[in-house]
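Thanks, everyone. I'll go through one model today and keep it brisk. Have a look first, then we'll talk.

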Amino acid sequence: MAGRYTPKTVLAHLIQRRNQTYSEIVAEFVELGGTITERHLRRLASGERAGTTPQTRRTLQRMFGKPVEELFAPYVPEQASQVVPAPAASGRITTGNEMEVLDMAASRARAFALAAQSGLGSEAMEQVYDDVRHVAKAYPQRPLPEILGQLVETQDLVFALLESRQRPEHLRQLYFLGGVTGGLLAKASHDLGNPHAALTQARTAFLCADNADHHGLRAWVRGLQSLVSYWAGNPHDSVRYAQLGAGYAEQANSTTSVWLPVSEARAWAALGNPEATRAALERAEEAWNTVRNDDLDDMGGLCTFGRHRQLYYAADALAWLPGEVDQAARYSSQAVDAYTDQNHPEWAFGDAAGSQAAMAINRIASGELDGAADAIAPVLGLPTERRINGVVHSARRVHQALRQSGRADDARELQEEIEMFTRTPMQTFPR
């Protein structure tokens with residue numbers, strides 16, 4: 001039975017009043033079509049700011065009869081006299097959205113399959129892989145608020161499986177998946193403007209990569225650390241992380257062998273070193289001659305590095321260098337064209353926006369203010385939920401280029417539009 005302690009949240013109080021164990025609550029949760037681990041439920045009840053999916057929020061509301069905002073609120077003793085809602089009866093789910101019903105049914109089946117085994121079997125292991133693969137592919141193309149809860153829960157599931165007894169042959173696979181989910185959460189933390197949390201997640205992801213003994217994953221995590229450092233305004237650290245991953249990338253021969261040198265290139269460019277920038281860009285191009293996709297690349301989405309992203313990174317790098325205007329124009333034009341097709345597997349809204357910003361900076365350098373306004377217009381039209389940290393910083397670089405162009409008065413209206421855009425970045429994950 002639940003222990004008698006002072007609950008930190010209304011949710012913890014209601015669980016205590018029900019006189020049920022957390023495992024019993026989880027079982028009831030699954031009966032109602034939800035998916036949650038005991039560890040995640042405990043984190044929510046303890047008041048930790050863990051992300052939740054819309055499905056989890058709906059199921060909690062059905063179980064306890066209160067909005068999640070109230071369930072997650074701090075518990076005060078005066079609430080003790082409130083009547084505890086009876087457990088919701090399992091029955092026909094009516095949402096008006098058939099696809100949502102099917103997703104809930106699939107989640108219930110997934111939870112049952114994983115809970116029914118003392119050790120992971122091949123089918124359950126494939127289910128966990130599929131969960132991670134799904135988030136990795138969705139990440140570059142969908143707004144972060146739509147997938148953050150699922151990503152947090154997926155990491156929580158992988159960590160819970162690692163903390164329980166598993167067959168030795170599955171441990172390496174789970175550490176691999178732990179590294180991937182940690183890397184994705186490092187990117188999520190970065191996208192929300194929290195480089196400290198991003199690097200913390202990345203360190204844990206690298207630990208998982210070590211335990212999985214996976215060179216491609218080690219190199220990929222170094223690439224994420226380089227990315228976070230670059231946008232945090234620490235280009236020397238960005239170069240260092242890219243170089244630290246080079247040896248692993250060379251052994252993996254995966255697409256990380258392209259990502260790391262092109263990441264190094266734009267960090268060198270931010271430092272104003274055109275020679276090192278050009279040399280790194282050349283290494284990235286040459287790396288394609290030996291690339292062969294590994295199992296990390298096969299996850300797709302953010303886990304692999306394609307030609308589109310290479311064009312964007314090169315354009316972003318060269319936009320820093322006044323002496324590379326012509327080359328920057330070629331790369332930015334190719335990058336913008338590459339990201340025109342939103343149905344292409346490599347399409348990513350953040351990289352598309354970065355390509356547009358690079359083109360705008362290049363046009364400012366060429367004295368084409370109207371062309372710069374046309375280039376940055378799609379970025380300034382992005383909804384709030386897509387204004388991730390890198391996109392906002394890219395827009396600020398355009399603003400800076402306008403200030404330094406000597407024609408700031410002619411571009412005052414565009415500067416004001418950029419200022420308005422950067423004042424409303426994506427802030428948090430809505431509950």
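Salt bridges first. This is a predicted model, and a search of the whole structure turns up 17 salt bridges. I'll take a few of them.

Start with Arg 43 and Asp 156. Their side chains meet in a salt bridge, at 3.4 Å from N to O. What does the pair tie together? Arg 43 sits in helix α3, residues 38-45, and Asp 156 sits in helix α8, so the bridge links parts that are 113 residues apart in sequence. Now the surroundings. Arg 43 is partly exposed, with a relative accessible area of 22%. Asp 156 is buried, at 2%.

Next, Arg 142 and Glu 146. Their side chains also form a salt bridge, 3.2 Å from N to O. Arg 142 is partly exposed, with a relative accessible area of 31%. Glu 146 is partly exposed too, at 45%.

Then Asp 237 and Arg 240. That salt bridge is 3.6 Å, N to O. Both residues lie in helix α12, residues 235-252, and they are three residues apart, about one turn of the helix. In general, an α-helix has 3.6 residues a turn, so residues three or four places apart point the same way. Asp 237 is partly exposed, with a relative accessible area of 30%. Arg 240 is partly exposed as well, at 40%. There is also a network: salt bridges with shared partners join Glu 126, Asp 130 and Arg 133.

On to the fold. How many helices and strands does the protein chain have? The secondary structure comes to 20 helices and zero strands. The chain has 431 residues, and buried residues make up 54% of them. Take the contacts between residues at least 6 apart in sequence: 68% of these join residues at least 24 apart.

Now the core. The largest nonpolar core has 95 residues. Which members touch the most others? Phe 176, Leu 177, Leu 184 and Trp 220. Helix α8, residues 144-163, gives the most to this core, with ten residues. A second, separate core has 19 residues, including Leu 14, Ile 15, Ile 36 and Phe 72.

Stay with Leu 177 for a moment. Set aside its neighbours within four places in sequence. Leu 177 is then in contact with Met 125, Val 128, Tyr 129, Val 132, Val 158 and Met 299. Of these contacts, pick out Val 158 on your screen.

Back to α8, the helix that also carries Asp 156. Of its 20 residues, 16 are buried, so α8 is largely enclosed by the rest of the structure. Its length checks out. At 1.5 Å a residue, α8 should span 28 Å, and its end C-alpha atoms are 28 Å apart.

Now for helix α16, residues 325-338. It has 14 residues and reaches 20 Å from first C-alpha to last, close to the 20 Å expected at 1.5 Å a residue. Which residues of α16 are buried? They are Ala 328, Ser 332, Ala 335, Val 336 and Ala 338. What do they pack against? Against α15, residues 307-318, and α17, residues 349-365. Turn to the other side of α16, and you find Asp 326 and Asp 337 exposed.

One histidine. His 399 lies in helix α19, residues 389-404. Buried or exposed? His 399 is buried, with a relative accessible area of 12%, because the cut-off for buried is under 20%. Not counting residues up to four places away in sequence, His 399 touches Gln 415, Ile 418 and Glu 419.

Last, the cysteines. A disulfide is a covalent bond between the sulfur atoms of two cysteines. Cys 208 is buried, with a relative accessible area of 5%. Cys 303 also counts as buried, at 2% relative accessibility.

That's my tour. Questions, please.

Methods:
Residues are numbered from 1 along each chain as its sequence is written. This is a predicted model: local features need pLDDT of at least 70, side-chain atom pairs count only at pLDDT 80 or more; totals for chains, interfaces and linings use all residues. Side-chain values use heavy atoms; hydrogens and water are left out. A nonpolar core is a set of buried Ala, Val, Leu, Ile, Met, Phe, Trp, Tyr and Cys residues joined through side-chain atoms within 4.5 Å. Buried means under 20% relative accessible area, exposed over 50%, partly exposed in between (1.4 Å probe, protein chains only). Helices (H or I, at least four residues) and strands (E, at least two) are DSSP runs, numbered from the N terminus. Contact means heavy atoms within 4.5 Å. A salt bridge is a side-chain nitrogen of Lys or Arg within 4 Å of a carboxyl oxygen of Asp or Glu. The expected span of a helix is 1.5 Å times one less than its number of residues.
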